[in-house]
Structure formats: structure tokens, C-alpha cells
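Dear colleague,

Please find the structure below, handed over for your study.

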Amino acid sequence: MTEQGNERRTGTGSGREGDGAAPRVRLRDRDAELRSVEAAVDRLCREFAAGGTEIGGLLAFSGRPGIGKTSLLHEVRRIAKLREGATVLFARGGERQFKEPYHVLRQLLQPVLSDLRPDEFRQVMGTWEEVVGPAMGLKQPKAGARRLDPQGVRDGLDYVLTQLAPRRAPMVMIVDDLHWADAESLSWLAKFAVRSGELPVLLVFAFREDENDWPAETQDFRRDVVGLKGRKHELNRLNLSSVTDMIRAELGDKAEDAFCYEFWNVVNGNPFEVVALLDQVRDQELEPVEENSRQLRELAVDATGMTLKSWLDRLGASTLRFAWACAMLGTDIRVDLATRISTQSTEGARDSIKQLRKQRVLTQAPNGNLEFVHPLIASSIYNTMPDATRLGMHGIAAVEIENAGLGLLAASRHLVETHSGEGDDRIVKKLRRAAVEHQLIGAPEAAQRCLHRALNEPPADEIKAEVLYELGCSALLTDPVATVNQLKLALHPDEVPLRPELRVDATFRLSEVLAHSGELREAALVCQDEAEKTDDPARRQRLQAASFMWHAFRKSEEDGPGRSARLGEMCRGLTGREAADRAVLAMRAWDLTLRGRSSAEALALADEVLDGGRLPKGLGWTDTTWGFELPSMLGLTYIYNDRVAQAERLAADAIIQFEVAGWSGAHRGFAYFLMGLARFRRGLLAEAEDFLRRAYRISERIGQKLPLAWDAVGVLVDTLIARGRVDEAWELANDFGFHPPYHATAMVLPDAASLYGKLLIAKNRHAGAAAALTEAGAQLEVRGWRNTVWAPWAGHLAIAIASDEPERARDYAQKAVHDARAFGTASAIGTALRLQAQVEDGQQAVELLEQAVMHLGQSPAGYEHAVALVDLGAALRRVGRLEDAQEYLYQGIELAQHCSAEGLVDQARRELANYGLRPNRLGLRDFRDTLDALSGPELEVARRAVQGLPPQRIAEELGLNIGLVNRRLAAVYRKAGSGPDGLASALGLPPQQREATRPDAEE
Ligand SMILES: Nc1ncnc2c1ncn2[C@@H]1O[C@H](COP(=O)(O)OP(=O)(O)O)[C@@H](O)[C@H]1O
Ligand SMILES: [Mg+2]
């Protein structure tokens, strides 16, 4: 489908064609506003020409109906279009169209997006094509797609605009009648307006400020829009002299002052009313003299005051019916549609149009489509429709729009307005299909309107529960409370039961939403209950597995070891390797990990879940059968079993897939968290911090203090401590409220109490830490969870009580080492040993740390390794082995730098400096070290550079482009600490040995 085609199909023209339709009016009393427009456009273009990028802004005009907003925006468009190179986009809200998702944004963006060259289009869309494309009506949703998250669409639009604006700058985006913009467009526009300053975009809005003019659905956005910062103008009524001028321009100079004065009073300076009253005066041939001024008030047509009778008198029945059809369609009205909806003949319609134009109700745009002269007239006509007529005509409109091939999306706005109570199966079917289509473009609210209407129809008893189920699912990504209620209704015993497969699905969905809002116990019980009622073994297994899963994510449970044993049994009983079987294996792998039993066993199970290192069919990140918890558990399992790279691959897939699916809420947030946690475990602290902050931001956007926020904040606190920013960590924890009793129901990843204890130790609050960690330990032991990496309470408790109770401290430290060995990963053992060393002295500490370094050196836990190196250096210094101490401290510093662990670097430097050692290596690096630091490709160019080859020759010889060669050379010079001249000696390579050393004859 072509974009332009779609535009016409949905009857939402860009308004560009309509441009020429409006005759230019001389604007009176708008000098300040017009100066403001000129200045803003001027500034935008000037600063853009001077190379500026963050030069946008907002210009807003508000005022009563008829005060002249639209006329002013016409001027804005004209002024902006005179600028060379400027892109001017225009859209407007429509009173009848505010329930059409993306109605405004499609008008605004379709023309410019569909004008892009294919390569530009791809760049502008980035990974968001499958999200923004369908929402903007630029392409069909991908086959197999289920639903788009509206937040994803907004994120995608942010990306697209950030890409588009510089390519089409300077850009002026104009939106008229913003108060009638659809909620989907408004929610994005209101946010975008806040950051328009960061782009070369001038936004120009016009709207009515009065809350009565805003639909109930978008009242919240009204507050946002009214509160926006920018240049704002409230348009004032016209002055007496301006109105007098207008009257005399129309009626001649004979118009008397007293008449003009009364005229001005009657219309209250409102230009729309001036024009309308002048029409009346002319039609009635009223002499503009003082005696006649009393008649003005009667003549004044208050368009909103027109009744059915007055319109009938003025237009006659059949013309009025045509006008009604037009009012139903709103703006950019197609004549053929209006004709059919009004059930008139072509000739009849032609007469009606003629009459309506003569009566200054409608105008016709150059493209043939009709427009109301003013929205006030459209509203007035629509509102005079008798109820029955209105409902009936919406029904006809829905049919005609579909017949015209404009699709269900366009028809559904009318469908939801039709008569209900007839129990028409076809209508129910259509509404359900329309709901699906709305989900596919990221408009769940519109989908819900369709489904609510379907329920009112009502549907046949056999499918009522199904419609309720669909209603519940439609709010899955946006409104957890509504979802829970509707799914509960769908499962309610009073309803004719759902088909069994849907019943299982509805139960699972319900449990999922409950779980995401922290109601894990209820989630588990819902699945458990339903499992008991389910005969089909596969379905029962799914529900049982789900209930295990939710129990496992609970903060505490009644019978942890029992559940674990049952899970083990279930696992052993599996015969196949279907998705459902693999799901159980994944759960078991995570359970074993938490219990700290055998890492090898957990990994073996996890590897069985994967299919060639990738998630198997049916268990993908966006698969809805199992939800994203399952792959998440797998990712966590890999993270805690030292296979961080595998976890990162999964997390990267998750981020991309959620982006492509447009799932921007909890899903994407969790993917960032997972990546952040993996980076943290690897010791890439700066990156970890970045990912975790994103996860936290997303979580806060969805709701306050969701389990995801706890996860993100916990690891963020840990990361900040590792980076040496303890006070910042403390502040964050306090601001968030990261302290006992933690999240009321959900477990925090990693264990919240252990994290909190670590934080208290970092703040030297040992007594508090001891209490928190002791309690944590007691609970975890009961539950049988002994993973020392996930919950390192024992090792840290040892440190917290070391000075008061050295014996007990040693016991705890040993217990931690014992548990770590039982689990068996290098990082677990290494860290436990390092913590144990902290409660030992002298040679004993040295030996423990040597072992710790050995273990950690075989793990991906870079930061832990760095800490152990520095600790070992310090311990060696204490026993007087200064030379060895120095070596470990240097190594520790290097690794800590690599990890962005600034605090650890300082600590190691202090250790060196305090004991008279050099705080840094002297930099006399072995040639071998420098050569090792070069990557293979870098070495390749280095050797040629040493032989005196210029970059261009190197590029030719290696068949590379010159840019790449230069980049590699830059890396070589940096690592070697020398430019081209000294490179040979810096690398210890003999220069000019070209003939002797062919690259392929290297050692
Ligand atoms: N400043 C003005 N001077 C003269 N006529 C005006 C002025 N502003 C608007 N009009 C006329 O008033 C009528 C209504 O204006 P419009 O821009 O549609 O108002 P709004 O968009 O605020 O409802 C139009 O016929 C227009 O030509
Ligand atoms: Mg207007």
C-alpha cells in the first residue's frame, strides 16, 4: 500500500492540498504574534545556517473558538515555506477524529517519511521500522506480529525524529486544534515538545485552552500542553477599530460609528463571529445605521446556538442530511463517501454541496474534498443530529468505509458509535478484528474501545469469555489492573467456560500480570489451582511449571526445599524436549543455581535448554507462551555460573528483539538490567552503570518501585560501591528506600539484604550490617538457598563482625568458602577466599589471597579479580614482601582501570605511596608487552609502517581502505607511545627489513 494511498484511504489528508483553499485574509491585531512567528522562523533558519543543531523551540497559540488560531497558522505556514530549504509539516486534530489512533502524527509525518529515498528511509527508521512503520500507516505490520507497545512506538518516534530532523532541517512542525489530537499522537507530541530544543525543529501548536474543549480521554495531556515552556500567545479579541474597518470594508464607509460599536459588542471582538454577522447583515440587507443596531443581537448567529430547526429552515432536509454525513466524517471529507452515507444520488449530493457552499457551511479543496468552513459549524451540525439518526448513520458509515476499501481501522471509529443491544454476531466479529488491528499499530486503548463495544453488543454466550480474555490481553502492556480484572472475569465460573487452550493461556497471562506487579504468591496459586483442574498433561505441565516459577521469584516461600525437590522430580520425569520440557529444565537450572548446589549440573541443564547457543523455538524473548521470565532465568543462570558471555548474547538478543517488537516497558527494562548485571559481573563497571540506570528509568516510568526497580537499584548501588562512589551509592539507596523490609513480596536480584549489608559495611556501619546480614542468612538457610555470589551474606557478615567476634567471623568466612566450593565456580570460590582473607592476618591472609587470585584469574569476574590483586599486594606488603606487593598492586591498578573501578585504583595507589613504593610503573615496558597489546591487524599495519611504508601503500598492500589503516595506525602509535619515527625502536622491531620479513613468514 502506498503511503499517499493510505492517507487518502483513511481520509486524513496532510492538509497540504487544502492549503490553497483558504483565501488569504488580512490579519488584524496580530502584529505581536506575527513578529513572534517571523522571529522564531528567522532564528531557526539563521542558526541552522550557522551550523546550529540544538536550536528548536515551541511557539504556542491558544484562544477561544473563532478567535483566529487557524488563520494565524496559515500565516506561519506561508512564512516558513518562503524559507529556502525549510521543511514545513502540518496536521490538525479533528473533533470527530480524536479516537483515531495516530491521526495527527500520520498527517504530520507520512508525507515527509514517504518522500525519503529508500536508503535515507532505512537510516531514519533504524531498528524501528517494524514499530513506527505500522503505527504511521507506512507499512503493514509484520506477519505473525501480535501487538505493539505504545511506549515502543513513542520511543521509535523519538529515534525517527532525531534522525529525520537534521536531514530535513530546518523543520517547522505545525499542529492545529491540538485539543482534538488523538491520545496516541498527543502523548508523544507533549513529550517531544519538551525536547524540541535539542533538534532543529520549531513546533507550532494552536489549541483551545478551556478544559471543556478537551475530550475526557486527553485531559491529562492538556495539563502537559498548557504547562509547556516556550513562546506562548493567548489570542485576544479584535479591537473596535479593527472590527469597524472590517465592517466598512464589507458594507462601505456609510456604516455608522454607533452601529459598528454595537456590532463589536455583540460579537465580542471574535473574528469568526464578525464574519458570520457580516454575512447576515448582508443577506438581510440591513442598513448599517444607528437605528438598526438593536437588531444586530437577534441577527447574530451564534453557530453553537443553532438548533435542528434553524438548520432545517436554512438547508432543507436532504441537504442537512448530507451535511450530517459530512460532519460524521470530520475533516478532509470525501464526496463519494458523504454521498453514500447520506444515501443520496450523485445529483442530489451535487445540489447539496452547492447549497452548503452557498450557505458558507462547506468549502471545497482543490483535491475535491470538502471541509467545513469552521469546526464550530461542523460541531453544531453534528450535535443537531437526533440520537437514532446519529447511531444509524455511524452504522452506515462503518459499512461504506469498509466497502470503499479503507479498512477496519478506519471503519471501527464508527462501529463503536453504533447501536448496541442487537447481539449481531457479525458486528462482534468485526469489532474483535478491529481490536487486533489496533493492537498491531500500538493502540491498545482503541482496541479496548472496540472490545468494550463488542461486549455491549452483546456477543453470544459461548464467546463472551473469549472477548473478555481478549480485552484482558489488550491491556497487558499498559494497564495491569485492568488486565487482572478482565482476565478474572474471563475465567469466572459464571461465564460459559473458555476453550481449554485459551483457559490455560488466560490463567498464565493473569499470573504473569500479577507477578509483574509483585503479587507472586497469588500468581503461583492461580496457576496451581488451575493445574489441578486441567486434565490435559501438556497444559497441566505448563501451569505447574509456571507456579514453580512464580514461587521461585517470591521473596520467601513456605516450603522452598520441598518445591525444589518436586521440581527435581518433575525434571527427571521429562521424556521429551518440547518447549515446555525445556522450560522446566531452565527452571531447574536456576533453582540449582540459587541453591548453590552444583554449578556443573546447572550449566548442563541450561545448555540443554538452548539450541546451538540460542533460545529454542517457543522460548524466545518475545514468545508469549512462556513470557520473558524463562529466558531471563536462563540468562541469570549463565551470569551466576561464570558464563557471562553467553548471558550477554542472550541479553543483547533481548534488547534488540524487544526494540523491534516495540516492547518498551518492563521487557526492555529487564533486558537492560540483565545486560547491566552481566557487565557488572564481568567488571565493566561504567557500562554496567549505564545499562542499570536505563533499566531503572524505564521501571520508574511504568510504576513506582516495581520489582525491576529494586533489581536495578540494588545492582547499581553495588556498582557505585565498586567504582568507589560510596556516598553516591548511599544517597541513591536512601532516595529509593533500598533498605529492610525491601520489596514486600518479590525477591530482589541479587539478594537485597546482602547488597544492603555490603553498603552498610562500605559506610563503616558494621553493627547495622551485622544485623541485616544475620537476618538474611537465617532466612536463606531455611529456604535452602546457598549461592554465595547471588547472596554473599556470610562472607560479608564475617567482615562486619571481625573486630568484635573474630571466632564467629572465621566460622562464617569458612562457611562461605565451603558453600562456594560446593557450588564450584571459579568466581564464587575466589571471592569467598578473598573475603575469608579479610578476617585473617599475616601469612594466612597471603595464602588465601594467592588462591583467590588464582581462582579469579580463571573467571570472567574482572572486578573481583582486581580487588583480590590489590588485597594480595597489601597483604604481601604487611608481611614485608615489598617487591611482590608492588607487582600485584600494579596489576591490580591496571585491571581496576580497565574496570573503571576508580576507588580501587586510588586505594592501590595509596597503598604503594604510603610505603614508599612508586605509585606507577616506570613505563619501561617490555617490547614483548607492547607487541602483545597490539591486535593482529594492528600488528600487520605496524610492521609495514616500521618498514617505512606510507599509509596509502599499506592500504593497497592489505586491500583495506585508507581510513581503516589510519585508525589502526593511530591505535598502534597510542599503544606503542610513539609516532612513526620512533615506532621501530618502541616496538623493538628492526626497521627496513622489508625483504627479509614477509608477513606470512612471521614466527
Ligand atoms: N486577525 C484576524 N483579522 C481578521 N479576520 C480574522 C482574524 N483572525 C481570524 N479571522 C477570521 O475569523 C474566522 C475564524 O478564524 P479561525 O482562524 O478559523 O479561528 P480559530 O481557528 O481560532 O477557530 C475566519 O473566517 C478568519 O478569516
Ligand atoms: Mg481553528
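Is C450 buried or exposed? C450 is buried, with a relative accessible area of 2%, where buried means under 20% relative accessible area, exposed over 50%, and partly exposed in between (1.4 Å probe, protein chains only).

Please note that this is a predicted model, in which local features need pLDDT of at least 70 and side-chain atom pairs count only at pLDDT 80 or more, while totals for chains, interfaces and linings use all residues. Residues are numbered from 1 along each chain as its sequence is written, chains are lettered from A and ligands numbered from 1 in the order in which they are written, and side-chain values use heavy atoms, with hydrogens and water left out.

A disulfide is a covalent bond between the sulfur atoms of two cysteines. Here it is counted as a pair of cysteine sulfur atoms within 2.5 Å, and the count comes to 0. The sulfur of C450 lies 16 Å from the closest cysteine sulfur, that of C473, which is too far for a bond. C527 is likewise in no disulfide, its nearest cysteine sulfur, in C473, being 14 Å away. C527 is buried, with a relative accessible area of 0%.

A search of the whole structure finds 7 cavities of 30 Å³ or more. A cavity is a set of points, on a 1 Å grid over the protein atoms alone, where a 1.4 Å probe fits but cannot get out; lining residues have an atom within 4 Å of a point. The largest cavity has a volume of about 250 Å³, a volume being the space filled by probe spheres set on the points. Of its 19 lining residues, F680, R681, K758, V789 and E864 are the closest to its centre.

Yours sincerely

Terms used
1 Å grid on protein atoms, 1.4 Å probe; cavity = no way out; pocket = protein on both sides within 12 Å on 5 of 7 lines; lining within 4 Å.
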